[in-house]
Amino acid sequence: MAAIKEMTEGRIFPQLLSFTLPLLMGNLLQQTYSLVDAAIVGKFLGIDSLAAVGASSSVVFLILGFCNGCCGGFGIPVAQKFGARDYSTMRRCVVVSLQLAAVMSVVLAVATGILCDDILRLMRTPGNIFDEAYVYLLITFIGIPCTFFYNLLSSIIRALGDSKTPFWFLLLAAVLNIVLDLFTILVLGWGVAGAAIATVFSQGFSAVLCYFYMTRRFDILRTVPAERRFSKPIARILLGIGVPMGLQFSITAIGSIMLQSANNALGTACVAAFTAAMRIKMFFMCPFESLGIAMATYAGQNYGAGRPERIMQGVKVAALMALAYWAFTFCVLMSGSKEIALLFVDASETEILADTALFLHVSVSFFPVLGLLCILRYTIQGAGFTNLAMLSGVSEMIARILVSVIAVPLWGYLAVCFGDSTAWVFADAFLIPAYLYVYKKIKRVQR
């Protein structure tokens, strides 16, 4: 039987650290997919192909972010019922979440595949990179079921306190992704299509491994026939938590699409710099995201166990962990941004290197704001208040739209660099009072 882990008792820092580290390694590996794709495409296929991969990155975040948010939301009732030790209802939540995922992922894949061309045209994708951008985006959309099921199964496994196993499976997938990238691009000559195929196949491989591990190693998940039936009440609960979480990511992405559309209009060089900078930024953001995901499981278990005071203590511990990481990241990115950008572009591309470094310098200066955002948003989600978390995404969307419509026409690429950080400030302005409201409410209910 695989190990399960409760975080409702004991010292908080060791629990959060040990749970976060495998999540962090897994997130870093997922970002490695993007880094490897961009690095190989940029080095071997050229700047135009790199721009094609990046021209639709915010649209990918819009759709896959919705999928990942739903998956994280589906895992919250599992964590809550696990914390409450209501194992029968927990198993029914797992079954219904898998049934919902099968339908939702196929519908999304078909719908987005049909709309792929229109999406790129609405984003003002430059004509010289349009065809490659279309191929990359279409393959990514076709692979949505692979991404959906990997994230859902990982979320269920983490809800039971096991954050290590998804990491090991993802490690194998990352190695596979790198090998397939090199093979499809350099040997088969498939260009950006090869990079997309490699990523989708690797995600599907991870999903299969997670499924077989979960069904064969977790005795606590073994169902009886009555628990395998579709349940409308449980489906409503799952959708009531999962869809707002998915919409939160999508709403946030709408602002990112506006920002990227404004940047696309500045030319291929700006698109390439934005692509490289976003890949690097996402890589260094992983610890904040991982700490947030850990807080969702931690808050869910403690909410289910009726321990709201531990949730507040966990937020304080997580905030200190985020500040410690930011101090390290600030030194690295302020001094080495251009050198890191050389992974994607040649040294002769001085304008792109300078623009990439500028974007990263601005972003890392606001990382403490981002760290607090991740901690509070996921904690609120873990307690089941996903509508409030979704509204924080609205705040981010408004900020990015304002930057895109007002600031970018005035100050160009410099305004693009401040787009994300402005959104983080707007989100925290909403999340801080929202978290205090949630904490007071759950304390009052669970007295």
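Analyst: Helices (H or I, at least four residues) and strands (E, at least two) are taken as DSSP runs, numbered from the N terminus. The model is predicted, so local features need pLDDT of at least 70 and side-chain atom pairs count only at pLDDT 80 or more, while totals for chains, interfaces and linings use all residues. Residues are numbered from 1 along each chain as its sequence is written, and side-chain values use heavy atoms, with hydrogens and water left out.

User: Which helices supply at least two residues each to the lining of the second largest pocket?

Analyst: A pocket is an open set of points on a 1 Å grid over the protein atoms alone, where a 1.4 Å probe fits, with protein on both sides within 12 Å along at least five of seven lines; lining residues have an atom within 4 Å of a point. For the second largest pocket these residues are L17, T20, L21, L24, P287, F288, L291, M321, A322 and Y325. The largest share, 4 residues, comes from α1. The helices that each give at least two are α1 (12–44), α10 and α11.

User: How do α10 and α11 pack, roughly parallel or roughly antiparallel?

Analyst: Axes are lines fitted to C-alpha atoms over the stretch in contact, and angles run from 0 to 180 degrees between N-to-C directions. Helix α10 (residues 268–304) and helix α11 (residues 308–341) lie with axes 8 Å apart, at an angle of about 170°. Angles under 35 degrees count as roughly parallel and those over 145 as roughly antiparallel. Therefore α10 is, relative to α11, roughly antiparallel.

User: What is the volume of the largest pocket?

Analyst: The lining of this pocket includes R91, Y211 and R228, and α4 (87–122) and α8 (192–217) are the elements that give two or more residues to it. A volume is the space filled by probe spheres set on the grid points, which are joined across faces, edges and corners. For the largest pocket, the volume is about 260 Å³.

User: Is T112 buried or exposed?

Analyst: T112 is found in helix α4. Contact means heavy atoms within 4.5 Å; leaving aside residues up to four places away in sequence, T112 touches I63, F141 and I144. Buried means under 20% relative accessible area and exposed over 50%, with a 1.4 Å probe and protein chains only. Because its relative accessibility is 6%, T112 counts as buried.

Methods:
Angles under 35 degrees count as roughly parallel, over 145 as roughly antiparallel, 65 to 115 as roughly perpendicular and the rest as oblique.
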